Amino acid sequence: YEDLSNMLSGSDVPGLYNTEELRNIRDYIVEAMKKESEGLMGSFAVGQQQMTELQEMTYNKFTNNVAENLHVILCFSPFGSKFRNCCRDYPAVLNTTTCIWFLSWPDYALSEVANKFVKDMNLPEKQQEGVATTIAYMHISALEMVEKMKIEKERTFYLTPTHYMDLMKGYKRLIEEKGREIEQLKAKLANGLLKFKETEKRAEQMNTESSVKKQANLEKVRNSDEIAQELQKSYIEIEQNWQMDCSN
């Protein structure tokens, strides 16, 4: 704030320009002064003292031009001690400026700002009006509580439009965070469903393969039974033939 105070009080910031920049500024001012008044340089053309006076004159001319054309707008919030400390430490902030106090926004302005803000958000159109009305209502209710606290507790709490903008920015940030969380959950759910379908398809394939193998095994069992019956018959025939040979 020191440089700002110097700018407000004297239209200059000490040490802001180096030697080369000062020379360029003086040359520019001298050319401008030549055009304004012919022969002005004659009275300063000789001597070191005259040269020093010329340098001072040109720089003063520069600072005067700055003071006439430079407009400074400062925005302070009454909340906290920042504004109070700045006015105490740098009186030029008050002595050389005009204070304009911006009061609380009216209800319709709060609603208009909320509507404009909500339109820039990715919300369904049918929800936008309700969200904007709720945001404005929250700030209005907070203002009423501030006035109530001032009367009952004799404590002043400043609730400025900056807090209202922060409220909307916080809501937008929360919506974006929750939206990302929902998208992540959707991605996880879609991945889970995909895995489930893949597992179900694999299970069906395995069931089909198992049925084919089961049929093949049953066929092999039947073939084995038939072979066993044929072997049993052959064994019986061989035994009978052997007994007949033994009896003869």
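Glu 2 sits in helix α1, which covers residues 2-10; helices here are DSSP runs of H or I with at least four residues, strands are E runs of at least two, and both are numbered from the N terminus. With a relative accessible area of 52%, Glu 2 is exposed (exposed means over 50%, buried under 20%, and partly exposed in between, using a 1.4 Å probe and protein chains only). Glu 2 and Cys 86 are 84 residues apart in sequence, yet their C-alpha atoms are 9.6 Å apart in space.

Before going further, a word on the numbers: this is a predicted model, in which local features need pLDDT of at least 70 and side-chain atom pairs count only at pLDDT 80 or more, while totals for chains, interfaces and linings use all residues. Residues are numbered from 1 along each chain as its sequence is written, and side-chain values use heavy atoms, with hydrogens and water left out.

## The chain as a whole

The protein chain has eight helices and zero strands, so reading from the N terminus you get α-α-α-α-α-α-α-α. Of its 248 residues, 16% count as buried. The chain exposes about 20,100 Å², and carbon and sulfur atoms supply 54% of that (areas come from the Shrake-Rupley method with a 1.4 Å probe; for residues, only the protein chains shown count as cover).

Contact means heavy atoms within 4.5 Å. Take the contacts between residues at least 6 apart in sequence: 64% of them join residues at least 24 apart.

## Where α6 meets α7

Helix α6 (residues 107-119) and helix α7 (residues 125-152) have axes that come within 8 Å and cross at roughly 135°. The axes are lines fitted to C-alpha atoms, for helices over the stretch in contact, with angles running from 0 to 180 degrees between N-to-C directions. That angle makes α6 oblique to α7: under 35 degrees is roughly parallel, over 145 roughly antiparallel, 65 to 115 roughly perpendicular, and the rest oblique.

On the α6 side, the residues taking part include Leu 110, Ala 114 and Val 118, and on the α7 side they include Val 131, Ile 135 and His 139. The residues of this contact divide into eight nonpolar, four polar and two charged (nonpolar is Ala, Val, Leu, Ile, Met, Phe, Trp, Tyr, Cys and Pro; charged is Asp, Glu, Lys and Arg; polar is the others, Gly among them).

His 139 belongs to helix α7 and is buried, at 7% relative accessible area. Setting aside neighbours within four places in sequence, His 139 is in contact with Leu 110, Leu 159, Thr 160 and Tyr 164.

Thr 160 is in the loop between α7 and α8 (161-247). Thr 160 counts as buried too, at 13% relative accessibility. Apart from neighbours within four places in sequence, Thr 160 touches Ser 77, Pro 78 and His 139.

Glu 154 also lies in the loop between α7 and α8, but this residue is exposed, with a relative accessible area of 72%. Glu 154 has a positive phi of about 55°, although it is not a glycine.
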